[in-house]
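Student: Could we go through this structure together, with the terms spelled out as they come up?

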Amino acid sequence: MALLSILPLPSKSSLHQLLTSSTHHLNPFSTTIPTPGASCTPRKVSITMCSTTAVSDAVPNRRIANHHSNLWDDDFIQSRSTNYEAPSYRERAERLVEEVKEMFTEIENGVSITPLNDVLSRLSMVDSIERLGIDRHFKIEIKSALDYVHSYWSEKGIGCGRESAVTDLNSTALGLRVLRLHGYPVSSSLLEQFKDEKGQFATSSIQTDEGEIRTVFNLFRASLVAFPIEKVMEEAQIFSTMYLKEYLEKIPVSSLSRQIEYVMEYGWHTNLPRLETRHYMDVFGYNEIPWMSYVNTDKLLELAKLEFNIFHSIQQRELKHISRWWKDSGFSQMNFVRHRHVEYYTLASCIAIDPQHSAFRLSFAKMCHLVTVLDDIYDTFGTMEELKLFTAAVKRWDPSAIDSLPEYMKRVYTVLYETVNEMAQVAKKSQGRDTINYARQAWEAYLDSYMKEAEWISSGCLPTFEEYYENGKISFGYRISMLQPILTLDIPFPHHILREIDYPSRFSSLAAGILRLKSDTRSYKAESARGEEASCISCYLKENPRGLTEEDVVNHIHAMVYDLMKELNWELLRPDTNVPISSKKHAFDICRAYHHGYKYRDGYSVATNEIKDLVMITVLEHVPL
């Protein structure tokens, strides 16, 4: 046995610093939220006011956020072109798909592999194909490969092959991750088998330092899909985080080190499939995967690049549609709102990479932009009287309702009305029933939550943490941006399945809770400066006035998010449900997409850094072949 753990586990007080410095906002300590007290405490709020164009006879004073302008000129978007729509690229990709299927067949027939590596060979093949973003072509082959792996799964894990004399941590950790992500019932308790008498993780059958590092890397990746109350997974994450951070400082830059850096940076809940594919293509195929020597990695890589670029051509077409919609809507003339339509489309195309899911990508981008426009109206620009009028108009759901609205709201209402109805028509074709009532109910609840927040701002009232948090799950807009887009998919959502995904299901509540908490940790200072006092941080501090600093509360919020992410993992992957993973995956990925934007800052208010880079490398740039 080659002992891997040479460092003591950190104390809980130092754990948060350890994991956040490795780019994970994790904190294992848990503090019980106090029982809510009085529902609201008046509080003096300093508000910056300004005058703007009149929307009525009187000129109201309005608050503004001074967000930066749109980064993506419509003329620039409309001028873009690509060569990858040519039939020759698709024909080459189709030939490569068949050749990769032949590789799977050779594995099934035992060509180039042995009973001593046939299990890990299948796992490595599936894992690589998924990270390369080409797995949609091989669903049957992947299912067959994983059924084979699972058939040799035991309470002690698995070895490299079906005739391996012993199980090993590398194969078991990779198998645990891949099988769990595909819904197989596998327990993490078998990881205990790989600890020594002192409780430290150890490996067997791996002789090189690189092999040990790869083993710990796969252990870290497995720990990211932990469920609640899985102590061994938490221990695995602590151990592997410390180990990998130390070894990254010692080993030279290589394909493996760059993979480790990427996964430690984004984990699972802020990882985006297309971004991972773009990164993985740069490091794949350098003969650093010993169990894939039987695979023609050049063909896998060529297929991945072709697929990336063919999809890139689809993105350019869809991006032009979104930009034209934004311009024609009149939103481009509103200088008090954030213009993030290109950024939202980017997120959509980073999580929905099947070319057939165009309606999902366009719907998500439009919904998110509408949510952002309304957020800026309800939080800052609109007066209380205007907000009441707009909320009432949406509840009427009639084009004539615009007659009662101020001029700047009329176009917003019309675009909202037309876009929601248009999406409902698309959903009717895919779902076989009218879903407009689902959408209307969601919008009414959403605007009611906005009204409550607007009342807090207007009155200077600071609610309890629980009241703010429960309302904030709705006002974040997760449900609004998720519901109609998923209904456009070619996936059936009968009522019994939709109710397990839509709010107030446990799944939706967890996703919305994660996003509300994470959003507040990134935006509370800027919002407080412009008079939006209520946040998870300020409300928690109000109920705990002694001995806590803002930093303490932010750390506590990070710990809450960490725990909620594990619960959301369970809701997505639990095997004891009649709702398939495929029905929940897009809703889950929407949570990941939003979460990605809050990794470093409020990327939706300040989109000039990481989010701008994301647009460039996943949407605007193709990959050299």
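Tutor: A contact means heavy atoms within 4.5 Å. This is a predicted model, in which local features need pLDDT of at least 70, side-chain atom pairs count only at pLDDT 80 or more, and totals for chains, interfaces and linings use all residues. Residues are numbered from 1 along each chain as its sequence is written, and side-chain values use heavy atoms, leaving out hydrogens and water.

Student: Among contacts in the chain between residues at least 6 apart in sequence, what share joins residues at least 24 apart?

Tutor: The count takes in contacts between residues at least 6 apart in sequence. Of these, the share joining residues at least 24 apart is 76%.

Student: Is Asp127 buried or exposed?

Tutor: Buried means under 20% relative accessible area, exposed over 50%, and partly exposed in between, with a 1.4 Å probe and protein chains only. Asp127 has a relative accessible area of 8%, so this residue counts as buried.

Student: Which residues does Asp127 contact, leaving aside its neighbours within four places in sequence?

Tutor: Asp127 lies in helix H4, residues 118-131 (helices, H or I, are DSSP runs of at least four residues, numbered from the N terminus). With the neighbours within four places set aside, the contacts of Asp127 are Leu174, Val178 and Arg221.

Student: Which class of accessibility does Glu91 fall into?

Tutor: Glu91 is found in helix H3, which spans residues 87-108. Because its relative accessibility is 43%, Glu91 counts as partly exposed.

Student: What percentage of the residues of the chain count as buried?

Tutor: The chain has 625 residues. The part of them that counts as buried is 60%.

How values were computed. Helix = DSSP H or I, 4+ residues; strand = E, 2+ residues; numbered from the N terminus.
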